[in-house]
Amino acid sequence: MRLILLGPPGAGKGTQAQRLVEKYGIPQLSTGDMLRAAVAAGTGVGQRAKAVMDAGGLVSDEIVNQIVSERIDQPDCARGFILDGYPRTVPQAKALTAMLNEKAMQLDAVVELKVDETALLQRIEKRAAETAAAGNGVRADDNPDAFKKRLVEYREKTAPLSDHYHQTGELKTVDGMAPMDEVTGAIERAIAAA
Ligand code: AMP
């Protein structure tokens, strides 16, 4: 099972991906997590990505295409994977298609979580407050300014992916504002129908 979860920052992709990991026994591949790990480890990729990530911008297609290509070759991806936060631009989507073709792999579904942007800002503020209250470090980009930038990036560069995957006939849309369990159920139905 090879899936893409689409949706703006704060839409709940990470939470839903975790549930799908448990249900289908395939890994969640979050390019955001991989990039944060690279930043924390101080690798060359991390050093190149840090400033742009902290500001809420997008890391270059070349970097993310490369890390995804290497990651999906790992043995734990043999039965499939859930892409969370990738692709994020139409060129990345095209690179992914080429990459999968080369590896003789096929996508099973692209599921988009549709959400209301005003509610998103409240969600992200809550997420930052909860993380801080739990004594965990807050993500450098989980603040209203960087979040707004991430939303602008989303609208300009990532939202066109809906059209792209609609045209390829792979897009399934789910109401991301519904209670969490309902969203999970709707995603599972969308996958089953794919
Ligand atoms: P996320 O955890 O998915 O919100 O990603 C956090 C940050 O990592 C984003 O704001 C971008 O700076 C960077 N990032 C993650 N995935 C991508 C991607 N596919 N393309 C470009 N930048 C990305």
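From the N terminus on, the elements of this protein follow the order β-α-β-α-α-α-β-α-β-α-α-α-β-α. The structure is a predicted model. Counted by type, the protein has 9 helices and 5 strands. Its radius of gyration is 16 Å, close to the 16 Å that the globule rule gives for 194 residues, so the protein is as compact as a globular protein of that length. Along the principal axes, the C-alpha atoms fill a box of roughly 40 × 40 × 30 Å.

Next comes the ligand. The space that the ligand takes is the largest pocket. Around the ligand there are 16 residues, and the closest of them are T31, R36, G57, G85 and Q92. Sorted by class, this shell holds 6 nonpolar, 5 polar and 5 charged residues.

Some of the surrounding side chains can be followed atom by atom. The side chain of T31 has an N or O atom 2.7 Å from a nitrogen atom of the ligand. In Q92, a polar side-chain atom lies 2.9 Å from a nitrogen atom of the ligand. For R150, the ligand atom is an oxygen, and an N or O atom of the R150 side chain is 3.4 Å from it. A pair of N or O atoms counts as a polar contact within 3.5 Å, so the 3.4 Å pair at R150 falls under that cut-off. How much of the ligand does the protein bury? Taken alone, the ligand exposes 480 Å², and the protein buries 96% of that.

Most residues other than glycine have a negative phi, and most peptide bonds are trans.

P87 itself is in the loop between β3, residues 81-84, and α5, residues 90-102.

The other place is A104. A104 is found in the loop that runs between α5 and β4, the strand of residues 109-114. Helix α5 therefore has P87 in the loop between β3 and α5, and A104 in the loop between α5 and β4.

Notes. Residues numbered from 1 in each chain as written. Predicted model: local features only at pLDDT ≥ 70, side-chain atom pairs only at ≥ 80, totals over all residues. Heavy atoms only, no water. Near = heavy atom within 4 Å. Polar contact = N/O pair within 3.5 Å; in protein donor to acceptor, adjacent residues only side chain to side chain. Areas by Shrake-Rupley, 256 points an atom, 1.4 Å probe, with all protein chains shown as cover. 1 Å grid on protein atoms, 1.4 Å probe; cavity = no way out; pocket = protein on both sides within 12 Å on 5 of 7 lines; lining within 4 Å. Sits in = over half its atoms within 2 Å of the grid points. Nonpolar A, V, L, I, M, F, W, Y, C, P; charged D, E, K, R; others polar. Helix = DSSP H or I, 4+ residues; strand = E, 2+ residues; numbered from the N terminus. Rg over C-alpha atoms; globule rule 2.2 N^0.38 Å.
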